Amino acid sequence: MELIGLGCYGPYPPAGGACSGYLLEEGGCRVLLDCGNGVLSRLQQHLPLWELDAVVVSHLHSDHVSDLFVLRYGLELALAEGRRSAPLPLYAPAEPAAEFARLSYKDVYRVEALSAAAPPLQIGPFSFTFCETVHAVPCLAARVATPGGTLVYSGDTGYFDGLASFAAGASLFLCEANLQEKEMAQQPQPPRHLSAAAAARIAAEARVERLLLTHLHPARESALAVEEARPHFGAVEAAREGARYRV
């Protein structure tokens with residue numbers, strides 16, 4: 001599969017940047033993983049919006065879903081003009097319930113609730129399994145497998161014991177690194193985000209092949225996250241918007 005970085009910042013983008021959004025492509029199937037602010041514009045540099053096959057959302061915070069509320073207008077026009085023939089499948093956690101209810105709009109989406117306890121979700125060649133993370137609202141890490149490789153995406157999370165086992169052996173671990181280690185003591189307990197060093201330690205424990213840091217702080221150079229992570233895991237880089245990664 002191929003992963004295209006559309007947005008990699010949180011909880012807001014820097015000038016000219018975008019929040020969380022990643023396009024997965026394999027065998028002509030295109031799945032959008034998260035759709036934060038700025039992602040829709042970037043998406044259309046790679047394909048017309050009506051050619052998306054599905055959207056999978058890790059959680060319902062605005063920096064991961066806000067462009068869904070603009071994408072729906074494009075889908076409405078695409079359905080009216082015959083560019084699409086069916087609603088776009090949209091998978092998201094069911095809580096908070098009020099935020100989940102907001103996703104439905106004029107039947108442009110076929111909204112389905114995600115759960116870590118549900119059977120694997122198959123979308124074309126992609127097999128998704130999910131794991132609950134530690135965050136302010138229900139959030140799901142995703143393990144995406146194809147015959148060629150496995151991507152694990154952390155979503156937003158603080159440290160928890162099961163994340164390394166969930167990511168075990170992944171070809172690419174796309175992991176949030178919003179904080180620096182020195183900031184962790186000032187976080188709510190338990191912390192709801194990871195430092196770059198913590199992400200790297202999880203990658204090492206999981207024995208993944210590569211670590212890609214994302215959900216980067218918009219006011220900080222991404223090189224600082226890589227610098228903090230590298231002593232703990234060498235095969236690390238920061239996600240770049242517009243970059244393609246073979247998994």
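Residues are numbered from 1 along each chain as its sequence is written, and side-chain values use heavy atoms, with hydrogens and water left out. Because the model is predicted, local features need a pLDDT of at least 70 and side-chain atom pairs count only at pLDDT 80 or more, whereas totals for chains, interfaces and linings use all residues.

**The whole chain**

Taken along the principal axes, the C-alpha atoms fill a box of roughly 55 × 35 × 35 Å.

If you colour by accessibility, 56% of the 247 residues count as buried, which here means under 20% relative accessible area with a 1.4 Å probe, protein chains only. Among contacts (heavy atoms within 4.5 Å) with a separation of 6 or more, 57% are between residues 24 or more positions apart.

**Strand β1 and its two partners**

Select residues 2–7, strand β1, in which 6 of the 6 residues are buried, so that this strand is largely enclosed by the rest of the structure. Two strands are called paired if DSSP finds at least two bridges between them. By that criterion β1 pairs in the antiparallel sense with β14 (residues 244–246) over 3 bridges, with Leu3 standing opposite Tyr245. β1 also pairs in the antiparallel sense with β2 (residues 21–26), over 5 bridges, and there Gly7 stands opposite Gly21.

Now centre on Glu2, which lies in β1. Although Glu2 and Tyr245 are 243 residues apart along the chain, their C-alpha atoms are separated by 5.7 Å. Leaving aside neighbours within four places in sequence, Glu2 is in contact with Leu23, Leu24, Glu25, Arg244, Tyr245 and Arg246.

Next, select residues 121–123 (β7) and 126–132 (β8), which run antiparallel and are joined by 3 bridges; the bridge partner of Gln122 in β8 is Ser127. This hairpin has 2 residues between the strands, and Gly124 takes a positive phi near 55°. Extending the selection to β9 (residues 140–146) brings in another antiparallel arrangement, in which 6 bridges join β9 to β8 and Phe128 stands opposite Val144.

**Helix α6**

Finally, select residues 196–206, helix α6, where 8 of the 11 residues are buried, so the helix is largely enclosed by the rest of the structure. Those buried residues are Ala196, Ala197, Ala198, Ala199, Ala200, Ile202, Ala203 and Ala206. The tour ends at Arg207, which follows α6 and has a positive phi, near 55°.

Notes: Buried < 20%, exposed > 50% of the residue type's maximum accessible area, 1.4 Å probe, protein only. Helix = DSSP H or I, 4+ residues; strand = E, 2+ residues; numbered from the N terminus.
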